[in-house]
Amino acid sequence: MSSKPRVRFAPSPTGYLHIGGARTALFNWLYARHNGGTFVLRIEDTDKERSTDENTAAILEGLRWLGLDWDEGPEVGGPHAPYFQSQRGDRYRKYIDRLLAEGKAYKCYCTQAEIEADRQRAQAEKRQYRYPRTCRARADQPDLPFTVRLKAPTEGVTAFDDLVYGHIEVQNEQLQDWIIARTDGSPIYNFVVVIDDIEMEISLVMRGEDGLNNTQTQLTLYRALGVEPPRFAHLPFILGQDRSKLSKRHGPVSVTKYRDEGFLPEAMVNFLARIGWSCGDQEIFSREELIEKFSIEGVGNTAGVFPADKLVWLNHERIKHMDPDELADRAAPFVEKAGLPMIAREKWVEVCRQQQERSKTLVELVEVSRYFFVRIEPEEKAAAKFLAGPSLDYLREVREILSGAADVEPATIEPRFQEMAAKHGLGLGKIAQPVRVALTGGTASPGIYDVIAILGREESLARIDAVLASRS
């Protein structure tokens with residue numbers, strides 16, 4: 001086995017990339033990158049009815065958006081290909097045949113009806129059901145269908161030291177001979193996951209807490225095969241803020257849904273890393289800092305709560321401090337999605353500069369900037385307050401200022417607005433608000449001089465003219 005750590009993320013393509021799965025992938029990726037190891041992506045698609053190519057593509061898309069590149073796996077290949085369980089049937093069959101030949105597994109001819117009858121007897125006698133090993137010494141029955149069961153140890157203990165939960169052990173007398181292959185010959189999950197981890201030389205299995213109860217069962221297979229098991233680290237569940245299991249009622253649980261809502265992958269990675277992992281009081285991390293500081297010792301053993309408001313805050317912080325030129329690139333696809341015509345590049349960059357302080361997501365950035373792309377009819381309340389009476393006269397005077405100015409850059413028109421305010425004995429707001437409503441349709445925007453400069457003289461005059469004509 002390689003001296004460098006090898007970890008894996010092994011999703012089932014029965015749906016989208018879930019928040020919980022994304023965190024598991026992230027922790028494995030950070031561990032590999034921190035330790036100079038290998039991050040393996042394996043697709044566990046043995047559920048033939050629910051696994052689809054579309055779901056696989058969605059999972060890969062989500063990982064790519066998060067920036068979690070894999071060293072081995074689908075599309076990149078590797079020495080342990082194929083990385084889809086559905087394509088590894090011959091390998092599983094080889095191990096099943098070996099265990100049968102070595103007497104470490106046996107054919108079980110018990111019918112479902114017989115097992116159910118045993119289960120009901122146990123229930124009636126108020127004892128836990130365990131398969132009674134009826135077929136351990138039973139002769140071959142060539143004409144009968146059978147499952148294959150592994151012979152579990154009956155004495156001593158099966159134990160392991162989980163890197164999150166500590167020492168865990170179970171008395172072997174509590175174990176049962178578990179099925180490793182169904183009557184149609186197909187192996188079950190607990191079997192194939194161990195075989196894949198062995199063949200792919202996985203040295204640390206870091207997975208969700210729901211895998212904890214399977215570990216003792218899987219350890220019996222490692223023992224039967226004479227293979228040293230990997231280390232284990234189980235990650236506590238992510239709960240909603242009401243401390244129930246995370247679900248859609250707590251907010252979107254699909255990673256790509258957050259992408260579509262205008263969240264940045266850097267914010268999502270930062271957010272996921274802080275659910276159940278801590279590094280002092282630090283909240284905001286760059287990707288490089290996460291790689292440098294991540295350790296399993298920082299993972300707590302209590303369920304993490306999904307703080308949706310924290311993600312919004314992190315995203316806002318990223319947007320606020322992003323270079324406007326890069327922000328313009330990131331937000332451009334959302335302009336197209338909103339059905340808006342893109343403006344000149346230099347103007348779009350300036351819009352991003354002006355709006356990044358007030359935008360929590362890329363979708364919101366585009367939405368609050370809509371009036372820079374298209375003309376917006378003034379809001380009824382704003383028009384009633386700011387586009388009536390003397391305000392229209394002020395608006396006409398502003399039109400003359402803009403029409404006669406050498407240019408409409410802030411340094412040129414700001415003094416002219418101040419002169420006009422002084423002439424009328426007004427505060428600047430009395431002049432700026434009618435102009436703002438005429439140009440943007442509302443009462444909130446960046447500074448009015450910046451709005452005029454971005455729109456340009458021609459468009460600013462056209463919007464003012466339209467408002468004056470409608471109220472003449």
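Rings of Phe, Tyr and Trp (its six-membered ring) count as a pair if their centres lie within 6.5 Å, with planes under 30 degrees apart called stacked, over 60 edge-to-face and the rest tilted. By that rule, there are eleven aromatic pairs here. This is a predicted model, where local features need pLDDT of at least 70, side-chain atom pairs count only at pLDDT 80 or more, and totals for chains, interfaces and linings use all residues. Residues are numbered from 1 along each chain as its sequence is written, and side-chain values use heavy atoms, leaving out hydrogens and water.

**Aromatic rings**
- Tyrosine 258 and phenylalanine 263 have ring centres 5.6 Å apart and planes at 70°, so they pair edge-to-face.
- Tyrosine 371 and phenylalanine 372 make a tilted pair, 4.7 Å centre to centre with 45° between the planes.
- Both tyrosine 371 and phenylalanine 372 are buried (under 20% relative accessible area; exposed is over 50%, partly exposed in between, with a 1.4 Å probe and protein chains only).
- Tyrosine 258 and phenylalanine 263 are buried too.
- One aromatic cluster is made up of Phe27, Trp277, Phe285 and Phe294.

**Threonine 24**
- Threonine 24 sits in helix α1 (residues 19-34); helices are DSSP runs (H or I, at least four residues) numbered from the N terminus.
- Threonine 24 is buried, with a relative accessible area of 10%.
- Leaving aside residues up to four places away in sequence, threonine 24 touches Phe9, Met206, Arg207, Gly208 and Leu235 (contact means heavy atoms within 4.5 Å).

How values were computed: Helix = DSSP H or I, 4+ residues; strand = E, 2+ residues; numbered from the N terminus.
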